[in-house]
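Thanks for coming, everyone. I'll keep this short. Please look at the structure first, and then we'll go through it.

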Amino acid sequence: MVDSWERARHILEAAGLDPGRLAHVAPLTGGTYNTVEELRLTDGTRYVLKIPPAAATPGLRHERRLLVSEAEFYRSAARTGVPVPRLVSMGDDFLLMTACPGDSWDDGSLTDAEQAALRAELGRHTARLHRVTGPGFGYPSGALGPLAPDWRTAFTTMFDAVLDDARRYGARLPRPADAVARTARSAYGALDEVTVPCLVHFDLWRGNILVDRSAGDARIGGLIDGERMFWGDPLAEFVSLALLGDIKRDEAFLAGYRETGGRALFDVPARLRLALYRAYLYLIMISETVPRQVGQEQQRWVQGAVAPELVGALDEIETLLAGPAQPRSRSGLFRSAPR
């Protein structure tokens, strides 16, 4: 077994920091993939160290080299003024970053007024993130291949990969994988509306949002765990921001997002894309339960809460495309065959 203190000292030294100042090493909970530890130095400075699982550990295809994507997120987000960890050092088997102030967002400790103010602040931060553009579409880790020149190519590769994972692991999907694929393909034309690859965190549920009260009022202290980021459609961000819910009902968030220049329209093309992104995330959440060998309680929750949301996203695609007027994109009917 690797000694956490020895590993932490070695990494601090590699990062140009004095390993003799290490005063505290402790695991951080909440993550489900990487090993995460807090390092504290004698002067009180805090860092977060991430260690990926062994290469032979079962996982989903897009999860390879997640730390490469996380490092890219922090480098890119640093230009926006949004509170995120600062990348300190990285290697093939670690990522070292600064720690952000605050604790995971806990609804029970916040008043309604604080909730609304935080959601508006989150909207402003998210709009700033989406101003950052990348060199192509897809995961910067290269787990699914190089960045693509267009969003349809990138996203269909991502979607096909998680469906392949579901088949390979025998995940318990609420509909057969081939049926899921057919419904998704029917909406792929909507993806052609997206022409600029924007920075998308894609995991901004409340567990990855820190709330800081050190100055009195509740403020967002950091947006963390950017390992799921990709270059793509900003609309995809809204799925985790309203996990198992509907972002269109989050008036405070949308007000902050639009106030800072974010574009949030929900016409038919946008609703089709949003349904595709919901289906993608919920496929991930269902499929990952197998390689991670989750317990029965978690499995019951996924089947009871997540699987119906996947069905709802697929049903919405079918309903929108069965409407009286077929929506069109720059490339023609959304029923057009996929590339």
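Start with Phe73. Its relative accessibility is 0%, so Phe73 counts as buried. Keep in mind that this is a predicted model. Tyr74 is buried too, with a relative accessible area of 2%.

Now the rings. The structure holds 17 aromatic pairs. Phe73 and Tyr74 form an edge-to-face pair, because their planes stand at 70 degrees, with the ring centres 5.6 Å apart. Two numbers, then. A pair of aromatic rings is described by the distance of the centres and the angle of the planes.

Next pair: Phe155 and Tyr277. Here the centres are 5.2 Å apart and the planes are at 80 degrees, so this pair is edge-to-face.

Ring pairs link Phe155 and Tyr277 with Phe137, Tyr139, Trp151, Phe159, Tyr188, Phe202, Phe230 and Tyr280.

One charge over a ring as well. Lys248 lies over the face of Phe266, at 5.6 Å from the ring centre.

On to helix packing. Helix α4 covers residues 151-169, and helix α5 covers residues 177-186. Their axes come within 10 Å and cross at roughly 170 degrees. An angle over 145 degrees counts as roughly antiparallel, so that is how α4 runs relative to α5. Which residues meet? From α4, we have Phe159, Leu163 and Arg167. From α5, the partners are Ala177, Asp178, Val180, Ala181 and Ala184. By class, this contact has 6 nonpolar residues, 2 charged residues and no polar ones. Note Phe159: it is in the α4 contact with α5, and it is in the ring cluster.

Last stop: Leu320. This residue lies in helix α9, residues 296-321. Its relative accessibility is 11%, so Leu320 counts as buried. What is Leu320 in contact with, leaving aside neighbours within four places in sequence? The answer is Val268, Arg271 and Leu272. The C-alpha atoms of Leu320 and Trp105 are separated by 34 Å, and the two residues are 215 apart along the chain.

That's my tour. Over to you.

How values were computed: Residues are numbered from 1 along each chain as its sequence is written. This is a predicted model: local features need pLDDT of at least 70, side-chain atom pairs count only at pLDDT 80 or more; totals for chains, interfaces and linings use all residues. Side-chain values use heavy atoms; hydrogens and water are left out. Axes are lines fitted to C-alpha atoms, for helices over the stretch in contact, and angles run from 0 to 180 degrees between N-to-C directions. Helices (H or I, at least four residues) and strands (E, at least two) are DSSP runs, numbered from the N terminus. Angles under 35 degrees count as roughly parallel, over 145 as roughly antiparallel, 65 to 115 as roughly perpendicular and the rest as oblique. Contact means heavy atoms within 4.5 Å. Ala, Val, Leu, Ile, Met, Phe, Trp, Tyr, Cys and Pro count as nonpolar, Asp, Glu, Lys and Arg as charged, and the others, Gly among them, as polar. Rings of Phe, Tyr and Trp (its six-membered ring) pair if their centres lie within 6.5 Å; planes under 30 degrees apart count as stacked, over 60 as edge-to-face and the rest as tilted. Buried means under 20% relative accessible area, exposed over 50%, partly exposed in between (1.4 Å probe, protein chains only). A charge sits over a ring if NZ of Lys or CZ of Arg is within 6 Å of the ring centre and within 35 degrees of the ring normal.
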